[in-house]
Amino acid sequence: MRIDAIMIKREDNVATVLRDLHCEEDAAVSAGEAQERIRLIEDIPFGHKFAVCRINQGEQIIKYGEVIGRATQSIDQGAHAHIQNIESLRGRGDLD
Amino acid sequence: MGYQRTDGKVGTRNYVGILSTVVCANEVADAVSRQVQGTVAFLHQQGCCQTPVDIERVNATLSRLGQNPNLYGVVLISLGCESTDVSRVAETIESSGKPVEVVIIQETGGAARSIAQGVLVAQKLAQEASSMARTSCPVDGLVLGLKCGSSDTTSGLAPNPALGIASDLVVEAGGTSVLGEVTEFIGAEHLLAKHAKNPEIGQQIIDLVERMENRAKSVGADIRGGQPTGGNIKGGLTTIEEKSLGAIAKAGNAPIQAVYEYGEIPQEKGLVVMDSPGREPEILTGLAACGCNVIAFTTGRGAPQGFPFVPVIKITGNRNTWEKLQDHMDLDVSGVMEGTETLPAAGKRIYQDILEVSSGKLTKAELSGYTKAMDIYMVGPVI
C-alpha cells in the first residue's frame, strides 16, 4: 500500500502528509510497521498535518511522541491541524 | 572490525594525524599530509591572540583530537611562538599510549625544512600504522556522533527519526551516542530534559540552552524569537517545539546519561549531550574530540562536509538531493517520504551502514576528501 502520511510515533495524534492531499481522500497513514486509512475532511498541503482522531479544545497535540502544542479549538479527525487551531506552549514566533 | 588501541578504545580508521597547533602552522601541516600516504591533516584558525578560556579550549581540543582512537599516532606542527601549550598537548596525547612527534617551524628553520622533517617522521609513523590489522571488535566500542545540516521538510520526517532508531540500536548494543547542536534544542529543551536519567542532568540541558542564548544576546541577537519562521509555517511546521523536536529526533529515545562541555570525552556509555553549536566545522571537530569514531549526518538539501579522520555518513530523505548529489550522499531514506519504506526499516538500514563503515567501508566524504575546512568552537573574541 502506498503511504500518504506518516505518524512518527504510534502515540501521535497528528500525521504529516508526504504529498499534497485532497478533501475526501482516504489517506493511508503509517505508524511504525502499522497502517490505517483516515478520511480527510480538508485539503492538506505537503509537509502539513491533520488530526488522526478528534482532538478536543485544550487537548495536547502529540508528534514525535511529545507535546508540540495545544488545540485552541476542537479539531475533527481528518482536519488540517496547524496555526489556525494549535498554539505553542512556548510562545509563537509569528505572533511575537 | 576495528583497530584495538592500547587504552582500550577502538578505531574505525588507522591514520597518522598531522595536527596543526596554530593557524600559522596550517600550510606546513597540509603540505606534510599531502606527501605521506596514510596521514590526514587537521587544520584550524585558532591557537593565538585569544582569551585564556579559548586558548585552554584549543589545548584541550587538540589533546583530545590526538587521543581519538581513529589515529594511530600524531605529528604536531607548531610555529613556535603561539599561545597553544604544545608540550602539554603532546604529553596528553602520549599518555593515551600513542607515538607523538613535534615539528617546530621557527626552530627547524622555516617551512621547507619543517615540511621535510615532518614528512620523515610521518613516514615512520605511517609505516608502523600500516602493519596494524583490523580485528573483530564488539559494537560497544562505537562512539556515534549525531549531526544534521542543510535541513528541509524531509529532515524531521524521514532521516532524523530513522537515525534516532539507529542511535537507539547503537545504545542497546552497549555503544555511545553523542548529541550536540544545542541551538537546535531551543523550544524543546524542556522535552529533551525529560529524557535525562535524572532531574540534575535535565537541568544541565536547560542551562546549556540558556548559556547559548545568552551568548547570542551578548551581541544583540535573540535566537529564540521569530521561531518557527514564516517559511517554516508555510512548510507545515506549527510550533517551535515541533521544529526543534524534528532536529533532536535523531537522538532517539534512549535516556540521556550525562551532559558534557565541548569536546569532553564521555565517561558513560549510552546517549550523552555535548555543548556545541550546529555549524559543521565546529561540531564535527567537537564530536571527533570527544572520541566519536563514526558520525551520522542527516541532510535535506545536501551538506557536503566530512571530517579528516572520522568517517561521516551522509543520509538524506530528499530523493532529488540523493540523485543530484551522488558524490556526497551515502544513504537514501526517501522511501520513507514516498511511503515505500517504514521508519523502523530505514533505521535498521542506517545501523547496518554504521557497522559497515566502522569496519572499513569508505564514505563519500572520505572518497572525495571533502574534509578540510574545520575549526574549533571559540567563545571569546580574537584579540
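Me: Which helix is P344(B) found in?
Reply: P344(B) sits in helix α14 of chain B, residues 343–358. Helices (H or I, at least four residues) and strands (E, at least two) are DSSP runs, numbered from the N terminus. This is a predicted model, where local features need pLDDT of at least 70 and side-chain atom pairs count only at pLDDT 80 or more, while totals for chains, interfaces and linings use all residues. Residues are numbered from 1 along each chain as its sequence is written, and chains are lettered from A in the order in which they are written.

Me: Why does P344(B) count as partly exposed?
Reply: Because P344(B) has 13 C-beta neighbours inside 10 Å. A residue is buried with 20 or more other C-beta atoms within 10 Å of its own, exposed with 12 or fewer, and partly exposed in between, with C-beta atoms placed from the backbone.

Me: And what does P344(B) touch?
Reply: Leaving out residues up to four places away in sequence, G32(A), E33(A) and I165(B). Contact means C-beta atoms, placed from the backbone, within 7 Å.

Me: How many residues of chain A are in contact with chain B?
Reply: 29 residues of chain A, in contact with 27 residues of chain B. Strand β7 of chain A (residues 66–71) gives the most to chain A's side, with four residues.

Me: New topic. Which domains is chain B divided into?
Reply: Domain 1 (3–130) and domain 2 (139–368); the bounds come from an automatic or database domain assignment. Their centres, taken over C-alpha atoms, are 28 Å apart.

Definitions and conventions
Contact = placed C-beta atoms within 7 Å.
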